[in-house]
Amino acid sequence: MLKRPHSPASLHDDLVEAAETERRLPAAHPRKATTYWPEISHDWLAYADADAVPRLEPATARQVDRYDELLVAIIALPEEQDRRILWETANAAAFRSRVPWSKIGKRNDIDRRTAKRRYELALLNFFVSLPL
């Protein structure tokens, strides 16, 4: 059972961490059959250089546990609009320094300030609904 964090800001951080954990999980669909012998490129420029971006490391067991607890708590919220805006904002803010409110507003056909206000209200409702 998810316990109430110290503040709504720390709940926001937990939501963003859950969205980042979801991106670190393996794909839900099975991989296609591949050969065991790697394909070799005969062009030297085809190989990665020092500027290549590494892949995300897999999620730890503790991250997955917190992710599961948070999803169960979000699903328990009575308002669908609150669930939707909380998870959409967390996914938009994952691996970023700030939340892109204009993108969230465009997806929901509302102004960016309205999107932020609805998120803050949903976050407070979620914070209050969590047990002490």
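Student: Which are the buried residues of α2?

Tutor: This is a predicted model, so keep that in mind. The buried residues of α2 are Gln63, Tyr67, Leu70, Ala73 and Ile74.

Student: Why do the buried residues of α2 line one face of the helix?

Tutor: Start with the general idea. An α-helix has 3.6 residues a turn, so residues three or four places apart point the same way. Now the case here. Look down the axis of α2: the buried residues fall within an arc of 130 degrees, so they line one face of the helix.

Student: Which residues are exposed on the other side of α2?

Tutor: Ala61, Val72 and Ile75 are exposed there.

Student: What covers the buried residues of α2?

Tutor: The cover includes α1 (8-24), α3 (80-93) and α5 (112-129).

Student: How many residues does α2 have, and what is its reach?

Tutor: Helix α2 covers residues 61-75, which is 15 residues. From first C-alpha to last, α2 reaches 21 Å. That is close to the 21 Å expected at 1.5 Å a residue.

Student: Let me try one residue. Where does threonine 21 lie, in which helix?

Tutor: Threonine 21 is part of helix α1.

Student: Is threonine 21 buried or exposed?

Tutor: Buried means under 20% relative accessible area. Threonine 21 has 1% relative accessibility, so it counts as buried.

Student: What does threonine 21 touch?

Tutor: Leave out residues up to four places away in sequence. Then threonine 21 touches Ala59, Gln63, Val64 and Tyr67. Gln63 and Tyr67 are also among the buried residues of α2.

Student: Now a helix pair. At what angle do the axes of α3 and α4 cross?

Tutor: The general idea comes before the numbers. Two packed helices are described by the angle between their axes and the distance between the axes. Here the axes of α3 and helix α4 (residues 101-108) cross at roughly 140 degrees and come within 10 Å. The two helices are therefore oblique to each other. Their crossing is right-handed.

Student: Which residues make the contact?

Tutor: From α3, the contact uses Ile85, Glu88, Thr89 and Ala92. From α4, it uses Trp101, Ile104, Arg107 and Asn108.

Student: Step back to the whole chain. How many helices and strands are there?

Tutor: The chain has five helices and zero strands. Along the sequence, the pattern reads α-α-α-α-α.

Student: What share of the chain is buried?

Tutor: Of the 132 residues, 30% are buried.

Student: And what share of the contacts joins residues 24 or more positions apart?

Tutor: Count the contacts with a separation of 6 or more: residues 24 or more positions apart account for 74% of them.

Technical notes:
Residues numbered from 1 in each chain as written. Predicted model: local features only at pLDDT ≥ 70, side-chain atom pairs only at ≥ 80, totals over all residues. Heavy atoms only, no water. Helix = DSSP H or I, 4+ residues; strand = E, 2+ residues; numbered from the N terminus. Expected span 1.5 Å × (residues − 1). Buried < 20%, exposed > 50% of the residue type's maximum accessible area, 1.4 Å probe, protein only. Arc of directions from axis to C-beta. Contact = heavy atoms within 4.5 Å. Axes fitted to C-alpha atoms, helices over the stretch in contact; angles between N-to-C directions. Parallel < 35°, antiparallel > 145°, perpendicular 65-115°, else oblique. Left-handed = near helix turned anticlockwise from the far one by under 90°.
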